[in-house]
Structures are given as C-alpha cells and as structure tokens.
Amino acid sequence: MKIKLISALIAGIILAGCGSDSDDNIDKEKEKPTIILAFDGAINGMVATYSCDNGETGTTAGKTDGYGKVTIYNDTFADKPESCSVELSVPVGEKAIDMSNKKNMSNVAYSIPKGLIKAGQTDIAATPFTTLIAKTMKETGDTDIKTAKDSVFTSLGLDSSLTEEQKEGMLTNPQETLATLDPTIAQDVAAKTVVLSDVLVTQKDDETVTVADIAAVTETIAEDVIAKNPTYPKASEGSNDIIVIDVSDVLADKDNFEQAAGGTVPPAVEDELTDPPVVPEADLPKPEEPPVDPTPPTPPPGTGGGGVAE
C-alpha cells in the first residue's frame, strides 16, 4: 500500500512538472506575434534576438523561413516596439541562404536599432541599411532616428534618387519597394545592398572602421559591379541567370578595404566582379521548401518556455 502511495506521489510530481513546461510554452505563444523580415534578398536560416527597455529579451527558437520571415512572440515588442532593438544572426555552426541567388549568408548579422520600429508598424525588416543606421547611432551617440537615416542614405549616394517614402520602404518592405523603383535606380540600390552586406560581414568585429569608410567602400564597389555587369542582377539581357556577387573574402584584406575606401577598386575585387558566378533561376530554392528548416525544435525536457521567443 505504501509503495502504491509513493508511486502515485512521484507520478503526480512528474505530471505537475510536465504541466508547468506545457503551460509556459502555451503562455508564450499566447503573447502577441510580430513578424520580422531578414533581407538582402530574403534570407533563410537566421534567428531574431530582441532586447527591450524594460529588460525583456528573447531569441526565436525558429529561424527565418523561405520568405526571410521569423515571428517574435512578445507583448512588449508588439505594443512598444520603439523601446526594443533587434539582432538577426545565424547560430554558430549553422547556415543561412539568400533565397534570391543561393549565396551563403552564414556570416551575416543584421540589426534594427531602438526607435526605428514604430507602434502599429506592420512591415519590419532587418537589412544592411538598418544595420548601418544602428552602427551610425552607436558611432555618433545620437539617438535621433531621422538624423541617422538621413546620414546613411546620403553617405551611400541615395539621398537624391529616393523619395522619403521610398527610403522608408527600403527599411520596412524592401522587396516591394525595389519593384516600384525606376530600373536604373533599382539596380543601383540592389548593388549597394549586396555590397554593403559583404562589407558589414568583413568589418563587423572592427570597431575602428567608421561608417564613412563602410559607405565609401560600398559606393566604390557597387559602381564597379554595374560597370562590369550592366544587366545586373541578371547575367545578360533576357537571361534567367542570376549574378552572385560576393566580395567579403577579398575585403577582409585590410589593404583592399582601405584602397576601396579611398575610391579605387582593388585588383582582387575587380577579379571577383569580372565574369562572376551565376545561378540559373530554375535552380533557386523554392520559398515553400527552404534549404534551412525554419521549424522551431522541440524543447528539451525541463526547459519550459522562459527566455525563448518562439
């Protein structure tokens, strides 16, 4: 009889523990969802980490899907997003893929600075542009978002070619915004987006590199991308082959970076931009079947839902 009683008590404790984990996960998913886009093209395989003024933080268990999107479940982030910053990154040892050209994006990290997202905003994106805005604010110590935004678009040579609405669109819904631009301007913006992403990869751990240097390198190389590949991002007129630009390795060389910052395209970069690799459009991954599984993993026993945002 005593053995049966003890067994029943143990079973009750185990069930209570399991119920607690279950409740935590259910409660977490009851919080309001906010969708974040990682975009260069759409990037599959990144997690989002948020940090808010009230001390709430979390990292999504799921990764960005084939459309570049991941969901944060957090009421504070949903209700007061202006009080939160976001970092999009790739888990150590894992992969991320640009769905528009199959480019390996495993070393990429994007930021959305505090104050850039507004309450009620339905489109939220982490891009090379939002990342440079975050870096600008960190460098200057200025918390004024408009000043940082204006500075970034001016430094990249895009201030006069984009309207205020289009600039906002590049920070919130870049894919749709690109589709509305004049083809020449869209080509310039697309080239600068890709090159800026590579520059940020190579310089993300170097605090001595200035925003002005990053912008100068981006402008210099993006101009050469188009000069050497006038139908960019297509390989040729009427072609369905997509050009893949990756200058991250050559820009990791300090001499190459400094030469580009001075306005001259280094020979090693010119080599990368002359006859770059292409991917047939038919070989691009389908958004519904992304290379990196975005499904949140089953949490191990006893972890509950605390500190994880999806």
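**Charges, contacts and backbone**

Reply: Let's start with Asp249, which lies in helix H9. Keep in mind that this is a predicted model.

Me: Is Asp249 buried or exposed?

Reply: Asp249 is exposed, because its relative accessible area is 67% and the cut-off for exposed is over 50%.

Me: Where is Glu272 found?

Reply: Glu272 sits in helix H11, which covers residues 267-273. Glu272 counts as partly exposed because its relative accessibility is 37%.

Me: OK, salt bridges. How many?

Reply: The count comes to 13 salt bridges. One of them pairs Asp198 with Lys103, at 2.8 Å from N to O. That pair links distant parts of the chain, 95 residues apart. Asp198 is in helix H7 (residues 183-203), and Lys103 is in the loop between S7 and S8.

Me: Are Asp198 and Lys103 buried or exposed?

Reply: Asp198 is buried, and Lys103 is buried too.

Me: What about Lys146, which residue does it form a salt bridge with?

Reply: Lys146 forms a salt bridge with Asp150, and their closest N and O atoms are 2.8 Å apart. The two residues are 4 apart in helix H4 (residues 145-155), so about one helical turn separates them. Asp150 is partly exposed, with a relative accessible area of 24%.

Me: And Lys228? Which side chain does it meet in a salt bridge?

Reply: Lys228 meets Glu270, at 4.0 Å from N to O. This pair also links distant parts of the chain: Lys228 is in helix H8 and Glu270 in helix H11, 42 residues apart.

Me: Why do Lys228 and Glu270 count as partly exposed?

Reply: Lys228 has a relative accessible area of 30%. Glu270 comes in at 31%. Both count as partly exposed because that class lies between the buried limit, under 20%, and the exposed limit, over 50%.

Me: Which residues are linked in a network of salt bridges?

Reply: Lys118, Lys149 and Glu168 are linked in one.

Me: Switching to polar contacts. What does the side chain of Thr220 lie 2.9 Å from?

Reply: A polar atom of the Thr220 side chain lies 2.9 Å from the backbone oxygen of Ala216. Thr220 is in helix H8, residues 211-228. Thr220 is buried, because its relative accessible area is 13%.

Me: And the side chain of Asp253, which backbone nitrogen lies 3.1 Å from it?

Reply: The backbone nitrogen of Asn256 lies 3.1 Å from a polar atom of that side chain. Asp253 is found in the loop between helix H9 (248-251) and helix H10 (254-261). With a relative accessible area of 37%, Asp253 is partly exposed.

Me: How far apart are Asp253 and Thr202?

Reply: They are 51 residues apart in sequence and 8.8 Å apart in space, C-alpha to C-alpha.

Me: Backbone now. Where is there a cis peptide bond?

Reply: A cis peptide bond joins Tyr232 and Pro233, with omega about 10°. Pro233 lies in the loop between H8 and strand S10 (241-243).

Me: Why flag that?

Reply: Because most peptide bonds are trans.

Me: Which residue has phi near 65°?

Reply: That is Lys102, a residue other than glycine with a positive phi. Lys102 lies in the loop between strand S7 (97-98) and strand S8 (110-112). At a relative accessible area of 44%, Lys102 is partly exposed.

Me: And which has phi near 55°?

Reply: Asp275, where phi is again positive in a residue other than glycine. Asp275 lies in the loop between H11 and strand S11 (278-280). Asp275 is exposed, with a relative accessible area of 70%.

Me: Why pick out a positive phi?

Reply: Because most residues other than glycine have a negative phi.

Conventions
Residues numbered from 1 in each chain as written. Predicted model: local features only at pLDDT ≥ 70, side-chain atom pairs only at ≥ 80, totals over all residues. Heavy atoms only, no water. Buried < 20%, exposed > 50% of the residue type's maximum accessible area, 1.4 Å probe, protein only. Polar contact = N/O pair within 3.5 Å; in protein donor to acceptor, adjacent residues only side chain to side chain.
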